[in-house]
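Morning, everyone. I have one structure to show today, and I will keep it brief.

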Amino acid sequence: MESETKEVAIREGGKERKNGPVIEDEIERSKVGIMRALCEREDPSTKDEDDLMLRRFLRARDHDIEKASNMFLKYINWKRTSVPKGYISEPEISNDLSHNKVCMGGHDKQGRPVVVAFGSRHNPSKGNPEEFKRFVIYTLQKIVARMPRGEEKFIAIGDVQGWGYSNCDIRGYLAALSILQDYHPERLGKLYIVHSPYIFMTAWKVVYPFIDSKTKRKIVFVENKKLTSTLLEDIEEDQLPDIYGGKFPLVAIQDS
């Protein structure tokens, strides 16, 4: 399993660039080329990242080359300090993994991996903030490893059934949000929030202002009575997690 995490770190680092998909849009390809030249001048290690990686940052900043370049260079610096080996090993996050708080489902109709996060299985009083950040990085790398060639996004189901104040971790949520938005932009395809108790909205109101506008448009709160039918709009029954009326058995992220 750890070797798979290393493999996805290589994919994220652009070692497949020669054999990977080519950016077909001429304007986008040109902007990525300019962005690459600017970033390589500031940080030569940019050459190790593939064009699709740069394109995600470009899209995250609405194709503004200067803003995208600044964002990308911040990512490079973050990766050096937060993921010095290029991957997170499982012994580094053993506590978070032991709670099976994140599991993998199948793939949606577009081929995007489906991941399920259980809010009630996260208890910050029994964890470590730095380990949780590493856990988020590990999780994203495992999700990317499940993506078919040419696919760049995933579908998430945030299940907050049974969530209570003991599970509330604003600092952890904001850290996870930053890792996703600032360092893994254009990865999230859609986030379904299901089984949401009223008490959860107190934390949601605190976190919501920190969610960027692009991400906000991808978030859907699902009513319990429409849960299965809503998820089936994007996910076939044989790929939908069985706990939501489908036929796909969930697998803990570390076993996927």
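I will go through helix packing, then the aromatic rings.

Ground rules first. This is a predicted model, so to speak: local features need pLDDT of at least 70, side-chain atom pairs count only at pLDDT 80 or more, and totals for chains, interfaces and linings use all residues. Residues are numbered from 1 along each chain as its sequence is written, and side-chain values use heavy atoms, with hydrogens and water left out.

Helices here are DSSP runs of H or I with at least four residues, numbered from the N terminus. Start with α3, residues 51–60, and α4, residues 65–82. Their axes come within 8 Å and cross at roughly 125 degrees. Axes are lines fitted to C-alpha atoms over the stretch in contact, with angles from 0 to 180 degrees between N-to-C directions. α3 and α4 are therefore oblique to each other. Oblique is what remains once under 35 degrees is called roughly parallel, over 145 roughly antiparallel and 65 to 115 roughly perpendicular.

Who touches whom? Contact means heavy atoms within 4.5 Å. From α3 we have Met53, Leu54, Phe57, Leu58 and Ala60; they meet Ile65, Ala68, Met71, Phe72 and Tyr75 of α4. By class, the contact of α3 with α4 has 10 nonpolar residues, no polar and no charged. Nonpolar covers Ala, Val, Leu, Ile, Met, Phe, Trp, Tyr, Cys and Pro; charged is Asp, Glu, Lys and Arg; the others, Gly among them, are polar.

Next, α4 with α7, residues 170–183. The angle is about 125 degrees, and the axes are 10 Å apart. Met71, Lys74, Tyr75 and Trp78 in α4 meet Ile179, Gln181, Asp182 and Tyr183 in α7. The contact of α4 with α7 has 5 nonpolar, 1 polar and 2 charged residues.

α7 also packs against α6, residues 129–145, at about 35 degrees, axes 10 Å apart. On the α6 side, the contact includes Phe132 and Ile137; on the α7 side, Ala175 and Leu180 are among the residues.

Now the rings. There are 11 aromatic pairs. Rings of Phe, Tyr and Trp (its six-membered ring) pair if their centres lie within 6.5 Å. Trp163, Tyr165, Phe200, Trp204, Tyr208 and Phe221 form one aromatic cluster.

Last, Arg121 lies over the face of Phe118, 4.0 Å from the ring centre. The cut-offs are CZ of Arg within 6 Å of the centre and within 35 degrees of the ring normal.

Definitions and conventions: Phe/Tyr/Trp six-rings, centres within 6.5 Å; stacked < 30°, edge-to-face > 60°. Helix = DSSP H or I, 4+ residues; strand = E, 2+ residues; numbered from the N terminus.
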